[in-house]
Amino acid sequence: MTWMEFFDSFWFTQRKSTPRSGTGRVLSFAPARIHCNDMRVGLFVTCLVDLMRPSIGSAAVKLLQAAGCQVLVPPTQTCCGQPGYNSGDRRSARALAAKVLGEFEGCDYVVVPSGSCGGMIKTHYPDLFEGEAVLLDRIRRLGGRTYELTDFLVNVARLERVPGRFAGTVTYHDACSGLRELGVKGQPRALLAGVPGLRLKEMDECEQCCGFGGTFAVKFGEVSAAIADRKCAQIQASGADAVVAGDLGCLLSIEGRLRRRGDGETKVLHVAEVLAGEAP
Amino acid sequence: MQVQSMYFKRRAAQALGDEILQANLAKFGTAGLAQLRAQAVQAYGPEAFERLRTAGAEIRDRGLAELDTYIERFEREATRRGATVLFAESRAEACDLVLEICRRHRIRKAIKSKSMLSEEAGLNEALDGIGVHPVETDLGEYIIQLAHEPPSHIIAPAVHKSKDEVADLFAKSHARPRKSDIGDMTREAREALRPHFLSADLGISGGNFLIAETGSGAVVTNEGNGRMVTTLPRVHVCITGIEKVIPTLEDLATLLRLLTRSATGQPISNYVSVFTGPKGADDLDGPEHMYFILVDGGRTNLVGGDMEAMLRCIRCGACMNHCPVYKTVGGHAYGWVYPGPMGAVLTPAYVGLENALDLPHAATLCNQCGVVCPVRIPLPELLRKLREQQVERGLRPRTEMLGIRVWSWVAQRPRLYAFAARWAARTLWLLGGRAGRIRRLPLAGAGWTIGRDFPAPQGKTFRDLYAKAKRADRRAAG
């Protein structure tokens, strides 16, 4: 046993014999265990939700259960690999993509409360496995079963009644990846329309980028904040009590800029929190 | 033109601090070119326009797949119709060819319609150097020539200037009373330009397209200056990139439908000039001598590579009109001829990855550019590919690479990851205090807190809360 193997024997959980394919370590994780005959939905929580705002994860679980799904949360999940992918480090992105494949392949569906991470799995993973026929096929099939949360609730699970209620007006920000990679536009609005007490008030330029852009937000902080500022002005001009979106990255950027602008009032909420009635 | 693209960050910061520029960039707001495009697409029919985009991309791909064949055909047809076709491998060589033509025909004054290649090559400076006075006749180009500035947009070169700034500039340059009405200012520019149109002996134009079938060049303008530049002087030089060759006139019709709608929302521009050879025996007007200069300038390096799709570009400017970064910092921040998303790809591709390190990263990858591009260039994908090339060539800062690799290394070790996340969630929560937000982060996070607070996490990770809830469930059940 090398020191590295010794180290990993502790830090990896569910370590199994490791089929290797291509470069690097892949598939060292057991597929999620399946117990039930219901619609087995794997929730990919996303690293940002796990770390920053677990209430979104709880809200997503609640919504999926309300839709009659059996929710599986593979405990070894971490990150979808997007930071590496967008920074030009394909190798690390590929390793994490293979990990996600291993963790979620056993699920009927993979649901992600983020258009950005959902888009990564659905539209960008295949790019990482080009020329590896077997893995590529599996990755494509995984992508075909992967949905952004509101898209899944509307088009697959056909959730009729949402558990949440909200007193006030909200305006919806169309986060870029969800909108342009996954076609998430009408789904969150349809669901929000079913929340008792909630009124939707559209802002101008709701499809305009908020300036987050992952590492862009720290590499070009000034530019990023200036773009966010424009978004905040539109949110405030809409007069809504809360801005709602489906991506936590955007929400952090928008909330950070709103507060810096001196707006401590406007709530900044994930769509799952509003739909589940779990707004903090 | 000198490449300043290494300094994007500094130039962007300057742009953000420039109040006049920021006010001028508001032109890209709710009544800007993006909205004009949206209206035009609506009028054309959104689905039909999508089909048109596909057709446009196919035409460009067809041309590029057999570029050498079409260039040869273009040369043959153009030559047969009396034009001279010259090739330049580099931008410097392109300048030399123009200067050589000036000497041969004893040129003293050149009028120009818009040419981005001329900007790439720094042709105006080269002409000045041999005593030929170049006069830009596109209104926007004329303004920035008077102001001694480079263009900040590929179809609206003076978009960074306000009406008042132009009024001051005209008053100073024309030595006439200051005017404040745009119509009056335009008339004044026209009066100033007219003698140049009549006295110039060389017309230099760009070329939006070169048509292989007929050996013609095509130029799209709204002011009619392109028509005058290509017909009035006794010598006409059309200078453009080799990738502009398209197979047929039919293809031109399709691409024109896309180009003007994507650029300014017009169904067609006020003028479309198609020029084929010099003045014939029966023609009433036209130049006596006509040259095409086809410039490579790094373009063939893109053929067959990761960036090939970029050669489809028809220079409409839609990508920058829709780009959140461009609309915030303007075109000069990009530091060379081509700004916005297309510039962020073209600049490193033409002048070298190492001379434009920031540009591929200066994008949020929001894909607004990708969905409006008339020839379906996957701009975010190309930017990402350039980022990969930077990593492969070791051009990224060590700390950045270390950060990414440590992140992914930890993310592949779930228990270590869970431990680190638990610690980070707790620490940041404590730092957030009662307000729940952090005003200043250290290290890489400092970039975030320049203009934003950092909302503090809720304190516990989802994985811990979920595991705890599961345990409670089991206890309740058991």
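Modeller: Since the model is predicted, local features need pLDDT of at least 70 and side-chain atom pairs count only at pLDDT 80 or more, while totals for chains, interfaces and linings use all residues. Residues are numbered from 1 along each chain as its sequence is written, and chains are lettered from A in the order in which they are written.

Biologist: How do you know what confidence the predictor has in chain B?

Modeller: The predictor's confidence in each residue is given by pLDDT, from 0 to 100, and chain B averages 96, with 100% of its residues scoring at least 70; the model as a whole has ipTM 0.95 and pTM 0.93.

Biologist: What makes residues of chain B and chain A count as in contact, and how many are there?

Modeller: Two residues are in contact if their C-beta atoms, placed from the backbone, lie within 7 Å, and 56 residues of chain B meet that condition with 57 residues of chain A. Helix α20 (residues 414-432) of chain B gives the most to its side, with seven residues, a helix being a DSSP run (H or I, at least four residues) numbered from the N terminus.

Biologist: Which domains does chain A have, and where do their bounds come from?

Modeller: The bounds come from an automatic or database domain assignment, which for chain A gives domain 1 (39-155) and domain 2 (168-276). Their centres, taken over C-alpha atoms, are separated by 22 Å, and the contact between them takes 29 residues from domain 1 and 23 residues from domain 2 of chain A.

Definitions and conventions. Helices (H or I, at least four residues) and strands (E, at least two) are DSSP runs, numbered from the N terminus.
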